[in-house]
Amino acid sequence: MQNIQRSTHSATRAKTFDLVLTAVLSTLVLVSTVFINIKLPIGQGGLIHLGTAALFIVSILFGPKKGALAGAIGMGLFDIFGGWAIWAPTTIVARALQGYIVGRIAWSKGHQGDHIWLNILGAIASIPVMLAVYFVGQGIMFGNWIQPFASIPGDLIQNIVGLLIAIPLCVALKKTPFFRKKF
C-alpha cells in the first residue's frame, strides 16, 4: 500500500512540475514578446519581437509539446491583452505549429535539442508553416489574398532575428548542468 501511495505522490508531483514548467515557459514567451516589440510600417499589424527567439529556445530545450504550448499560450495572450485580439486565433495556431515543428525536429533521431543542425533545421522548417498560417488568417480576416504578402518581409525578419538569438543561446544553455541531465 505504501508503494502505491509513493507512486501516486510521485506522479502527482511530476504532473504539477510539468504544469508549472509549462506556465513558466509560456510566461517567458509572453514577456519576450512584450519586452521589445516594434510595429512595422508595412503589412497588417506586423511586429518584430523577441517572442520568436523565446519560442525557438523553449522548443529546442524542452521539446515539441512545451514549444507548442508556450508559443500558443504566450503569444496568444500577448495578442489578447496587447490590443491585437483579432489576431489571437491565427497566432495560437501559427505559433503552436511552429513550436511543435521546431521541437519535433530538434528532438528527433534520439536527440534532445543537442544537435545544432537539427535545431537550425527545425527553426527553418517551421518558418514557412508560420508564414502560411498567418497568410491564410489575414486573407480570411481581410477578405483579400494580395494584402497578406506585405506582412511576409516582417515575419521573415522576426524569424531570422529569433534564429540568430536562439541557436547560440541554446548551445550555451545545453552546456549547463541543468540541461546536461536528461529529462
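This is a predicted model: local features need pLDDT of at least 70, side-chain atom pairs count only at pLDDT 80 or more; totals for chains, interfaces and linings use all residues.
A residue counts as buried here when its relative accessible area is under 20%, as exposed when that area is over 50%, and as partly exposed in between (1.4 Å probe, protein chains only). Residues are numbered from 1 along each chain as its sequence is written, and side-chain values use heavy atoms, with hydrogens and water left out. Helices (H or I, at least four residues) are DSSP runs, numbered from the N terminus.

**Aromatic pairs**

- Rings of Phe, Tyr and Trp (its six-membered ring) pair if their centres lie within 6.5 Å; planes under 30 degrees apart count as stacked, over 60 as edge-to-face and the rest as tilted.
- By this rule the structure has six aromatic pairs.
- One of them joins tryptophan 87 and phenylalanine 142, which is tilted because the planes stand at 55 degrees, with ring centres 6.1 Å apart.
- That pair links distant parts of the chain, 55 residues apart: tryptophan 87 sits in the loop between helix H3 (64–81) and helix H4 (88–106), while phenylalanine 142 belongs to helix H5 (residues 116–142).
- Tryptophan 87 is buried at 9% relative accessibility, whereas phenylalanine 142 is partly exposed at 35%.
- Phenylalanine 135 and tryptophan 145 make another tilted pair, with centres 6.1 Å apart and planes at 40 degrees.
- Here the partners are 10 residues apart, phenylalanine 135 in helix H5 and tryptophan 145 in the loop between H5 and helix H6 (152–174).
- Tryptophan 145 has 45% relative accessibility, so it counts as partly exposed.
- Phe62, Phe178 and Phe179 are joined into a cluster by ring pairs.

**The salt bridge**

- A salt bridge is a side-chain nitrogen of Lys or Arg within 4 Å of a carboxyl oxygen of Asp or Glu.
- The structure holds one salt bridge.
- Its partners are lysine 66 and aspartate 18, whose closest N and O atoms are 2.1 Å apart.
- Because lysine 66 lies in helix H3 and aspartate 18 in helix H1, the pair ties together parts that are 48 residues apart in sequence.
- Lysine 66 is buried, at 7% relative accessibility, and aspartate 18 is partly exposed, at 30%.

**Buried positions and their neighbours**

- Contact means heavy atoms within 4.5 Å.
- Threonine 33 is part of helix H1 (residues 2–35) and is buried, with a relative accessible area of 1%.
- Its side chain reaches the backbone oxygen of valine 29 at 2.7 Å.
- Setting aside neighbours within four places in sequence, threonine 33 is in contact with His49, Gly51, Met75 and Phe78.
- Threonine 52, in helix H2 (residues 51–62), is buried at 0% relative accessibility.
- Residues up to four places away in sequence not counted, threonine 52 touches Met75, Arg95, Gln158, Asn159 and Gly162.
- Glycine 122 is in helix H5, and its relative accessible area of 0% makes it buried.
- Between glycine 122 and glutamine 98 there are 9.0 Å in space, C-alpha to C-alpha, and the two are 24 residues apart in sequence.
- Glycine 122 touches Ile101, Val102 and Ile105, again not counting residues up to four places away in sequence.

**On the surface**

- Leu69, Ile73, Leu77, Ile80 and Phe81 make a nonpolar surface patch of about 450 Å².
- Patches are made of residues with over 30% relative accessible area and no salt bridge, with nonpolar side chains (Val, Leu, Ile, Met, Phe, Trp, Tyr) joined within 5 Å.
- Phenylalanine 81, found in helix H3, is exposed, with a relative accessible area of 69%.

**Asparagine 144 in the loop**

- Asparagine 144 is in the loop between H5 and H6 and is partly exposed, with a relative accessible area of 26%.
- A polar atom of the asparagine 144 side chain lies 2.6 Å from the backbone nitrogen of isoleucine 146.
- Apart from neighbours within four places in sequence, asparagine 144 is in contact with Gln138 and Gly139.
- The C-alpha atoms of asparagine 144 and alanine 70 are separated by 30 Å, the two residues being 74 apart along the chain.

Technical notes
Helices (H or I, at least four residues) and strands (E, at least two) are DSSP runs, numbered from the N terminus. A polar contact is a pair of N or O atoms within 3.5 Å; within protein, one must be able to donate a hydrogen and the other to accept it, and residues adjacent in sequence count only if both atoms are side-chain atoms. Patches are made of residues with over 30% relative accessible area and no salt bridge: like charges are joined within 9 Å, nonpolar side chains (Val, Leu, Ile, Met, Phe, Trp, Tyr) within 5 Å. Accessible areas come from the Shrake-Rupley method with a 1.4 Å probe; for residues, only the protein chains shown count as cover.
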